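Biologist: I have a structure to go through before class. Can you put it up and take me through it?

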Amino acid sequence: MSELIIRDLRATVENKEILKGVNLTVRGGEIHALMGPNGAGKTTLGSVLIGHPSYQVTGGQILLDGKDITYATPEERARAGLFLAFQNPISIPGVKISTFLRTAFKQLHPEDKTGVNEFFDNVKKHLKKVGLDESFLSRAVNDGFSGGERKRFEILQMIILRPKIVVLDEIDSGLDVDALKLVADEIREYYSQDVGFLIITHYQRILKNIEPEFVHVLIDGRIVKDGDKELSLKIEEEGYDWLRSVA
Ligand code: ADP
Ligand code: MG
Ligand code: MG
């Protein structure tokens, strides 16, 4: 079973400390929601997890299945099984989507014996499910994608590449109700397959469809509250102010 451990993680952006000791463990088969007001550091956490160069880790550790990936390159993290939809570390402009998917899959699962035809049959099945046309496969990665296409492609990658742990930052922003339901359906399907999810969101909207078992609230760079679905419902009704006193 996979396990992502974030231990006392501290990080700065332009010498300003944003993450002030974040502790969080996400295991395969679990869905976690990370909520928090604007500016809390949610996207910073996601960016640090992927190894974005603008963010400096100043303390703590990120472990994936016991492997220390705190200072690993984005590619190494992806190969270790971490998937961050909002900032694909292995996308290469000018590369056809079909080539990209096959290559990335091979890198992640070198032991997998699925043949090319079977692989693309599966890709086409899921293309349809996420609402993309088959012609999409001949386009270049991220080349002129609309916002909706980009999100749908992210979901497609999440399904096809079969990562161990998935981090989604604001996947719900810019998605209409139908697309949101589709995302939620796919996540629930994956949920049954021992993939761990960390869903970062400001709003409770997407959580209605997904229903995470674990909810964490990040305020001013620290997780100030852990709970379950009830916590996200309370936040929807009362906002974040009642939590600030403990921050
Ligand atoms: P959230 O996603 O919770 O809204 P962010 O992680 O985006 O919060 O931002 C946390 C804080 O870090 C904010 O004060 C923001 O201004 C600052 N910050 C984030 N990214 C950068 C950056 N690239 N350069 C400067 N400041 C940043
Ligand atoms: Mg923000
Ligand atoms: Mg954000």
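Modeller: Here is one place to begin: the shell around ligand 1 gets its largest contribution from H1, which gives three residues. Keep in mind that this is a predicted model.

Biologist: Which elements supply at least two residues each to that shell?

Modeller: Strand S2, residues 16–27, and helix H1, residues 42–50, each supply at least two.

Biologist: And which residues come nearest to ligand 1?

Modeller: There are 13 residues around ligand 1, and those that come nearest are Gly39, Gly41, Lys42, Thr43 and Thr44.

Biologist: Where do backbone atoms lie 2.7 Å or 2.9 Å from an oxygen atom of ligand 1?

Modeller: At Gly39, a backbone N or O atom is 2.7 Å from an oxygen atom of the ligand. At Thr43, a backbone N or O atom is 2.9 Å from an oxygen atom of ligand 1. Lys16 uses its side chain instead: a polar atom there lies 3.2 Å from a ligand oxygen atom.

Biologist: How much of the accessible area of ligand 1 does the protein cover?

Modeller: On its own, ligand 1 has 560 Å² of accessible area, and the protein covers 65% of that.

Biologist: Back to S2. What is the strand order in its sheet?

Modeller: The order is S2-S1-S4-S5, in an open sheet of four strands with antiparallel pairing. S2 and strand S5 (67–68) are at the edges with a single partner strand each, so one side of each has no neighbour in the sheet.

Biologist: What holds strands together in general?

Modeller: Strands of a sheet pair through backbone hydrogen bonds, in a parallel or antiparallel way.

Biologist: How many bridges are there between S4 and S5?

Modeller: Two bridges, with strand S4 covering residues 55–64 and the pairing antiparallel. Leu64 is opposite Lys67 of S5.

Biologist: New topic, pockets. How much space is in the largest pocket?

Modeller: About 170 Å³. Its lining includes Phe105, Glu118, His126, Arg162 and Tyr190.

Biologist: Which helices each supply at least two residues of that lining?

Modeller: Helix H4 (116–129), helix H5 (147–161) and helix H6 (177–191). H4 provides the largest share, four residues.

Biologist: And what is the lining by class?

Modeller: The lining of the largest pocket has five nonpolar, four polar and three charged residues.

How values were computed:
Residues are numbered from 1 along each chain as its sequence is written. Chains are lettered from A and ligands numbered from 1 in the order in which they are written. This is a predicted model: local features need pLDDT of at least 70, side-chain atom pairs count only at pLDDT 80 or more; totals for chains, interfaces and linings use all residues. Side-chain values use heavy atoms; hydrogens and water are left out. On a 1 Å grid over the protein atoms alone, a cavity is a set of points where a 1.4 Å probe fits but cannot get out, and a pocket is an open set with protein on both sides within 12 Å along at least five of seven lines; lining residues have an atom within 4 Å of a point. Grid points are joined across faces, edges and corners, and a volume is the space filled by probe spheres set on the points. Ala, Val, Leu, Ile, Met, Phe, Trp, Tyr, Cys and Pro count as nonpolar, Asp, Glu, Lys and Arg as charged, and the others, Gly among them, as polar. A residue is near a molecule or strand if one of its heavy atoms lies within 4 Å of it. A polar contact is a pair of N or O atoms within 3.5 Å; within protein, one must be able to donate a hydrogen and the other to accept it, and residues adjacent in sequence count only if both atoms are side-chain atoms. Accessible areas come from the Shrake-Rupley method with a 1.4 Å probe; for residues, only the protein chains shown count as cover. Two strands pair if DSSP finds at least two bridges between them.
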